[in-house]
Amino acid sequence: MPDGMTAPRRASKLKAVAPKAAEPTKPKVLIYGREGIGKTWFALQFPSVYFIDAEGGASRQHYTDLLETAGGVYMGPSQGALDFETVIEQVQALAKEHHDYKTLVIDSATKIFNTAVAEEAERLGDKNAFGADKKAAVQYMRRLVVWLMRLDMSVVLTAHEKDVWGMVGGKREAIGVGPDCWDKLPYELDLTINVMKHGPRRIGKIGKSRLLGFPESETFDFTYDEFAERYGKDVIDAESKPLVLATPEQVAEIDRLLNIVKLPEGQAEKWLSAASAETWADVDEDKAAKVIASLKSKLA
């Protein structure tokens, strides 16, 4: 290369952005506690709630009045709130469509999960062994979580409370409490809160947390106003934005190229998993473009 000249820089493939360029996301929260502790009332304080009532208890007037005042809507068992497939379809629609809702509440994850377990146990009958009745419910829950994390809405899941058991002095004893649901659920979401009552006050004890405003093991007054102040009311109140999904033309092009290009076994499934999608139609538009580019490069 002649003196005084520098080599041209290659286009970078690095994808990370400056930390401040990453937009704040809506909270994805699991709250649990004993019956009547105030979980449902807390969840209904959020703005513009799309309320999926698997318990069927929020059809009472004081709940529906609060929901109506806040601009929310109600989906109960008669609309499919106890059917996992229907609930997942609703979350997918909320993620893909333009609408005015800002918060999704599922009350409760315990009810819908345990209903799916009971239905599978009945179907298996004598063939039910080694927790086989839970496999379908766990798979449903995994699919649900994938879409909850893609959803540009605040998400509040409620759960019942159960004892957590461990060994103490060589004996099996109750060592605390936890949410009565899929045991991996607290690790999939941003925040888990155990709701307790101290006299007239309701207290939230922070469990597993990814949020700086909610340090683990700390307690706070369990009110919506306190939660919103800690998290950021402007984020919670922000309008939801639908996913920009692959166009029909992109989906058709991916299908065409997959019929031509020979990929390593399981590669297409890995791409779908990395995109948190079940089908190519569920992939974000920009990711679909990258898949097409990758397939064309292999074709070349």
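Student: Does Val291 count as buried or exposed?

Tutor: The model is predicted, so local features need pLDDT of at least 70 and side-chain atom pairs count only at pLDDT 80 or more, while totals for chains, interfaces and linings use all residues. Residues are numbered from 1 along each chain as its sequence is written, and side-chain values use heavy atoms, without hydrogens and water. A residue is buried under 20% relative accessible area, exposed over 50% and partly exposed in between (1.4 Å probe, protein chains only). Because the relative accessibility of Val291 is 10%, this residue counts as buried.

Student: Which residues does Val291 touch, not counting residues up to four places away in sequence?

Tutor: Val291 lies in helix α11; helices (H or I, at least four residues) and strands (E, at least two) are DSSP runs, numbered from the N terminus. Contact means heavy atoms within 4.5 Å. With residues up to four places away in sequence set aside, Val291 touches Ile254, Trp271 and Trp280.

Student: How many residues apart are Val291 and Gly207 in sequence, and how far apart are they in space?

Tutor: Two separations are needed here, one along the sequence and one from C-alpha to C-alpha. For Val291 and Gly207, they are 84 residues and 38 Å.

Student: Where does Leu299 lie, and which residues does it touch beyond four places in sequence?

Tutor: Leu299 lies in helix α11, the helix that also holds Val291. Leu299 has a relative accessible area of 45%, and therefore is partly exposed. Leaving out residues up to four places away in sequence, Leu299 touches Leu257, Ile260 and Val261.

Student: How far apart in space are Leu299 and Pro27?

Tutor: In sequence, Leu299 and Pro27 are 272 residues apart. From C-alpha to C-alpha, the two are separated in space by 42 Å.

Student: What is the separation of the C-alpha atoms of Gly76 and Asp107?

Tutor: Gly76 is found in the loop between β3 (73–75) and α3, and its relative accessibility is 1%, so it counts as buried. Apart from residues up to four places away in sequence, Gly76 touches Asp53 and Ala81. Asp107 is 31 residues from Gly76 along the chain, and the C-alpha atoms of the two are separated by 9.8 Å.

Student: Which peptide bond from Asp107 is cis, and what is its omega?

Tutor: The bond runs from Asp107 to Ser108, and Ser108 lies in the loop between β4 (103–107) and α4 (109–124). This cis bond has an omega near 10°.

Student: How are α3 and α5 placed relative to each other?

Tutor: Axes are lines fitted to C-alpha atoms, for helices over the stretch in contact, and angles run from 0 to 180 degrees between N-to-C directions. Angles under 35 degrees count as roughly parallel, over 145 as roughly antiparallel, 65 to 115 as roughly perpendicular and the rest as oblique. Helix α3 (residues 84–96) and helix α5 (residues 132–150) pack at about 10°, with axes 9 Å apart. The two helices are therefore roughly parallel.

Student: Which residues of α5 are met by α3?

Tutor: From α3, the residues taking part are Phe84, Glu85, Val87, Ile88, Val91, Gln92, Ala95 and Lys96. In α5 they meet Ala137, Tyr140, Met141, Arg143, Leu144, Trp147 and Leu148.

Student: Which residues are in contact with Ser209, leaving aside its neighbours within four places in sequence?

Tutor: Ser209 has its place in strand β9 (residues 201–209). Its relative accessible area is 15%, so Ser209 is buried. Beyond its neighbours within four places in sequence, its contacts are Asp190, Leu191, Phe214 and Glu216.

Student: What is the phi of Ser217?

Tutor: Ser217 sits in the loop between β9 and β10 (219–221), and its relative accessibility is 53%, so it counts as exposed. Its phi is positive in a residue other than glycine, at a value near 75°.

Student: What is the phi of Ser276?

Tutor: Ser276 is found in the loop between α10 (267–274) and α11 (285–299). Ser276 has a relative accessible area of 30% and is therefore partly exposed. Although Ser276 is not a glycine, its phi is positive, at about 55°.

Student: What percentage of the residues in the chain is buried?

Tutor: The chain has 11 helices and 10 strands, and its C-alpha atoms fill a box of roughly 80 × 55 × 50 Å along the principal axes. Among contacts between residues at least 6 apart in sequence, 63% join residues at least 24 apart. Of the 300 residues in the chain, the buried ones make up 43%.
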